[in-house]
Amino acid sequence: MKKPVIGFAVSHDTENDKIFVNSIYLRSVRNAGGIPMVFPMELSEDDLRELLDRVDGVLFTGGDDIHPFLYGEETHAKCGNISQPRDSMEMALFPMALETGKPIFGICRGIQLINTAMGGTLYQDIPSQFSSDISIAHRQPFAYKVPSHTVDVVQDTLLSRILGEEVTSIAVNSMHHQAIKDLAPGLEVCGYAPDHMIEAVYAPDYPFLLGVQWHPEHLASFQPEAARLFSAFVEACR
Ligand SMILES: [Mn+2]
């Protein structure tokens with residue numbers, strides 16, 4: 001059987017003007033049966049469309065913050081670094097991919113990109129903008145491969161179908177200082193942290209569109225739930 005090719009929207013090291021992707025993302029897709037292909041930035045719309053034609057699905061990876069102008073806000077004092085070339089490439093790629101109906105998977109910044117591109121907003125800095133009775137470390141103080149908080153899986157959603165309806169909670173890692181504030185129209189929540197932070201979203205009216213706020217690529221080699229996210233995505237790309 002032909003293997004699905006997955007197009008990767010990757011990071012931009014703005015200081016040295018280099019693009020890069022953590023190999024563990026590529027490994028997770030390879031282990032799930034896909035062939036990863038890295039998309040460059042600064043492409044014309046026509047070239048981006050050409051490239052999109054040649055892949056079976058798109059994965060938006062983690063990375064720097066998204067420019068707050070893209071969701072109609074001024075830059076908060078605690079907002080982090082942004083990359084205009086990355087932002088414009090992804091903001092052009094996302095609606096294009098959506099038009100094709102091809103599977104879309106967003107991880108960390110990826111879920112935030114999906115929400116922004118569909119018209120939602122973000123907390124620019126969780127510690128100063130989000131409060132809850134329960135204290136959850138969304139920027140965990142230990143290694144990525146060690147889960148740090150749980151996510152409640154909303155039943156009868158894409159996430160619950162991927163994990164199996166018997167799975168009501170999963171342990172995830174957490175390395176984000178931004179998160180979804182106002183959910184975009186067309187998206188629904190399929191996972192919440194115990195402090196009610198949105199940790200996973202999907203689009204009920206789209207074949208396969210999943211965003212997760214954690215980093216399953218660091219868990220997929222030993223946690224079946226994390227591996228299942230990649231295999232479900234790659235399967236959807238077949
Ligand atoms: Mn989190």
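The following exercises, with worked solutions, concern a predicted model.

**Exercise 1.** Determine whether the radius of gyration of the protein agrees with that of a compact globule.

*Solution.* Begin with the chain length, which is 238 residues. A compact globule with that number of residues would have a radius of gyration near 18 Å. The protein has 16 Å, and this agrees with the expectation. For the dimensions, consider the C-alpha trace: along its principal axes it spans about 50 × 40 × 35 Å.

**Exercise 2.** State how many helices and strands the protein contains, and what share of its contacts joins residues at least 24 apart.

*Solution.* The secondary structure consists of seven helices and 13 strands. Next, take the contacts between residues at least 6 apart in sequence; of these, 70% join residues at least 24 apart.

**Exercise 3.** Decide whether helix α4 is mostly covered or mostly uncovered.

*Solution.* Helix α4 comprises residues 109-117. A residue is buried if 20 or more other C-beta atoms lie within 10 Å of its own. Nine of the nine residues in α4 are buried, so by this criterion the helix is mostly covered. Among them are Arg109, Gln112 and Asn115, as well as Ile111, Leu113 and Ile114. After α4 comes glycine 119, with a positive phi near 105°. In the protein as a whole, buried residues make up 42% of the 238 residues.

**Exercise 4.** Identify the residues that touch the most other members of the largest nonpolar core, and examine the contacts of valine 201.

*Solution.* The core has 61 residues, and Val29, Val58, Leu159, Val201 and Phe233 touch the most other members. Helix α7, residues 224-236, gives the most to this core, with seven residues. Leaving aside neighbours within four places in sequence, valine 201 is in contact with residues including Ile111, Ile114 and Asn115, which belong to the buried residues of α4.

Notes:
Residues are numbered from 1 along each chain as its sequence is written. This is a predicted model: local features need pLDDT of at least 70, side-chain atom pairs count only at pLDDT 80 or more; totals for chains, interfaces and linings use all residues. A nonpolar core is a set of buried Ala, Val, Leu, Ile, Met, Phe, Trp, Tyr and Cys residues joined through C-beta atoms within 7 Å. A residue is buried if 20 or more other C-beta atoms lie within 10 Å of its own, exposed if 12 or fewer, and partly exposed in between; C-beta atoms are placed from the backbone. Helices (H or I, at least four residues) and strands (E, at least two) are DSSP runs, numbered from the N terminus. Two residues are in contact if their C-beta atoms, placed from the backbone, lie within 7 Å. The radius of gyration is taken over C-alpha atoms; the globule rule is 2.2 Å times the number of residues to the power 0.38.
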